[in-house]
Amino acid sequence: MANTLLQNIKNKKATVAVVGLGYVGIPTILALVDAGIKVIGIDVNKERIKQLKAGRSFIKEISDEKIKNSLKRFTPTTKWGEISKARVILIAVPTPLDKNKAPDTSFIKLASENIAKYLKRDSLVVLESTTYPGTTEEIVLPILEKSGLKSKKDFYLAFAPERVDPGNKKYTLSDIPKVIGGIEKKSTEVAAAFYSTFLRSVHKVSSARTAEMTKLLENIFRLVNISLVNELKMISSKMDIDFWEVIEAAKTKPYGFMPFYPGPGVGGHCIPLDPFYLSWKAREYDFFTRFIDLAGEINDLMPHNVITTINWMLNKNKKSIKGSKILILGVAYKKDIDDPRESAAMPIILDLLRKGARVFYNDPHIAKINIKGKVFKSSPLTKSLVKSADCVVILTDHSVYDYRMIEKNAKLIVDTRHAIKKKSPKIFS
């Protein structure tokens, strides 16, 4: 079986189906298309499919032209039956947490159940969605085998975690090595052969569980270290130490140090969520992930720390949050992207509203946001808007912002990203 599949993969004759057309699925499809591979993209979001068919991108850093050109080899659809035309199937669906921070694997299950209906013999299925160790074998595998086909004999199954970094201009998806772990050795080999057709480098590991844990390590590493510097930043402020200067000094050490930077809280679809998949799974083994839980606690407290700082700055000017006009700059979870998922801006704005503030925001990449059913539109960033605000809060340090203009015209500034380097009594950074 594998010889035929491998030959078709290496010759780029195997059609690929990508389930989940989001911030991972679309860049993956574009890389496949650029490599000359035919792709079927499946998503349950009808509006998104309509948009893609019309050649329109919903991701700011991907142009409409790029989507239009991809349609020569890329077919977007809501029809699960199209999977029957593919011999390689990638699952790139969301893996959120519920309100109790327990994994929600419903999207993985839905995808697997529909794949099972149309799965053909001599196929490869790869899960890319970040999840806890064991998901590929404990959830995906038994669902796929309901098709009547058997793994190792009729199809191959692997886990290869996504490594998409929105806004990163240095490393594109094709540049980043792909970690691959199959449920057995042959699945690893087949999956590695597939990814080698459109990525520069692959790194094979011994099992799907190892690959699943690898992705979690990457994100836990960042969560713990960002939470650490956030905690150190708070204590440094109380000690009247410029922590940004501390980081610059520490960076001069040529070994044993990697800089991480404070902020209003970790956002995005990975770092604030994925570590808690492991935290949840660890309880099955009577194990408690104290570093993860503590880092998560610090991260969750950061928006409250921002509110406290705003309150303190306004107090210095004999004002309260209630009735004050607060201008938020940036609601994306990081600079120069159009993605607000898990952004610290949302709880900060919500808390300000609860406290009676009049909140306005500007984000050149995000035209509107919805907070608890209330729609806010990005206000044009003008001198008069900055001057009229009682406090300007920089939550995302977008490159296009004129920080000199902001510093000159603002009454008070809470700069959570150290975007303004100038020291001034009216700036808290």
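Colleague: What makes β1 and β2 a pair?

Modeller: Strands pair if DSSP finds at least two bridges between them. Four bridges join β1 (residues 16-19) to β2 (residues 39-42), and the two run parallel, so they meet that rule. One of the bridge partners is Ile40 in β2, which goes with Ala17. Strands here are DSSP runs (E, at least two residues), helices are runs of H or I with at least four, and both are numbered from the N terminus. Bear in mind that this is a predicted model: local features need pLDDT of at least 70, side-chain atom pairs count only at pLDDT 80 or more, and totals for chains, interfaces and linings use all residues. Residues are numbered from 1 along each chain as its sequence is written, and side-chain values use heavy atoms, with hydrogens and water left out.

Colleague: Which strands are the edge strands of the open sheet, and why are they called that?

Modeller: The order of the eight strands is β3-β2-β1-β4-β5-β6-β7-β8, with mixed pairing. The edges are β3 (74-77) and β8 (202-204), because each pairs on one side only. From one strand to the next, the twist averages 25 degrees.

Colleague: What does α5 touch on the sheet?

Modeller: Contact means heavy atoms within 4.5 Å. Helix α5 (residues 106-118) touches β1, β4 (88-91) and β5 (123-127), and its direction makes about 165 degrees with that of β4. Angles run from 0 to 180 degrees between N-to-C directions, with axes fitted to C-alpha atoms, for helices over the stretch in contact. Helix α7 (residues 185-195) lies across β1, β4, β5, β6 (155-159), β7 (178-182) and β8, at about 150 degrees to β7.

Colleague: Why is α10 called largely enclosed?

Modeller: Buried means under 20% relative accessible area, exposed over 50%, partly exposed in between (1.4 Å probe, protein chains only). Seven of the eight residues of α10 (residues 275-282) are buried, so the rest of the structure largely encloses that helix. Among them are Phe276, Tyr277 and Leu278. Their cover includes α6 (135-144), α8 (208-238) and α11 (290-316).

Colleague: How do you know whether Lys152 is buried or exposed?

Modeller: Its relative accessible area is 53%, so Lys152 counts as exposed. Lys152 sits in the loop between α6 and β6, and its phi is near 75 degrees, a positive value in a residue other than glycine.

Colleague: And what makes Lys372 count as exposed?

Modeller: Lys372 has 70% relative accessibility, so the exposed label applies. Its place is in the loop between β11 (368-371) and β12 (374-377). Phi of Lys372 is near 55 degrees, again positive in a residue other than glycine.
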